[in-house]
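Visitor: I would like to go through this model step by step. Please set each value against its cut-off before you conclude.

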Amino acid sequence: MKIAEVRELKTAELLERIAAESTALTQKEINHSISPLDNPSEITKARKNIARLKTVARERELNSK
């Protein structure tokens, strides 16, 4: 997901997406510890996606003050 797509989301959708992506990342990490993933770079991509989402959420929080 690109940053432009993230900025188009509403705040409620953004927070829901953060929670869903965090849960998915945790599951991927657990699965990877049990048996290696076919593509371990998925974990890195998921982590960066969560960072993008949190960055936009923080920007909105600071702008609302």
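This is a predicted model: local features need pLDDT of at least 70, side-chain atom pairs count only at pLDDT 80 or more; totals for chains, interfaces and linings use all residues.

Visitor: Where is asparagine 49 found?

Guide: Asparagine 49 is found in helix H3.

Visitor: Which residues is asparagine 49 in contact with, leaving aside neighbours within four places in sequence?

Guide: Met1 and Glu21. Contact requires heavy atoms within 4.5 Å.

Visitor: Where is the place of glutamate 21, and what does it touch?

Guide: Glutamate 21 lies in helix H2. Not counting residues up to four places away, glutamate 21 touches Asn49, Ile50 and Leu53. The C-alpha atoms of glutamate 21 and leucine 53 are separated by 9.4 Å. Along the chain, these two are 32 residues apart.

Visitor: How do you know that the length of helix H2 agrees with its number of residues?

Guide: H2 runs over residues 11–34, which is 24 residues. At 1.5 Å a residue, the helix should span 34 Å. Its end C-alpha atoms are 35 Å apart, so the two values agree.

Visitor: How many residues does H3 have, and what does it reach from first C-alpha to last?

Guide: H3 has 23 residues and reaches 33 Å. The expected value is also 33 Å, at 1.5 Å a residue.

Visitor: Which residues of H2 and H3 are buried?

Guide: In H2, they are Leu14, Ile18 and Leu25. In H3, they are Ile43, Ala46, Asn49, Ile50, Leu53, Val56 and Ala57.

Visitor: What covers the buried residues of H2, and what do those of H3 pack against?

Guide: For H2, the cover includes helix H1 (3–8) and helix H3 (41–63). For H3, the buried residues pack against H1 and H2.

Visitor: How many helices and strands does the chain have?

Guide: Three helices and zero strands. Read along the sequence, the pattern is α-α-α.

Visitor: What makes the chain more spread out than a compact globule?

Guide: Its radius of gyration is 14 Å. The globule rule gives 11 Å for 65 residues. The chain's value is well over that, so the chain is more spread out than a compact globule. Along the principal axes, its C-alpha atoms fill a box of roughly 45 × 20 × 15 Å.

Visitor: What share of the 65 residues is buried?

Guide: Buried residues make up 18%.

Visitor: What part of the contacts with a separation of 6 or more comes from residues 24 or more positions apart?

Guide: These account for 67%.

Visitor: What does the accessible surface come to?

Guide: About 4,900 Å², of which 53% belongs to carbon and sulfur atoms.

Visitor: How many positive and negative charges does the chain have, and how far apart are their mean positions?

Guide: There are 13 positive and 10 negative charges. Their mean positions are 5 Å apart.

Conventions:
Residues are numbered from 1 along each chain as its sequence is written. Side-chain values use heavy atoms; hydrogens and water are left out. Helices (H or I, at least four residues) and strands (E, at least two) are DSSP runs, numbered from the N terminus. The expected span of a helix is 1.5 Å times one less than its number of residues. Buried means under 20% relative accessible area, exposed over 50%, partly exposed in between (1.4 Å probe, protein chains only). The radius of gyration is taken over C-alpha atoms; the globule rule is 2.2 Å times the number of residues to the power 0.38. Accessible areas come from the Shrake-Rupley method with a 1.4 Å probe; for residues, only the protein chains shown count as cover. Lys and Arg count as positive and Asp and Glu as negative; His and the chain ends are not counted. The place of a charge is taken as NZ of Lys, CZ of Arg, CG of Asp or CD of Glu.
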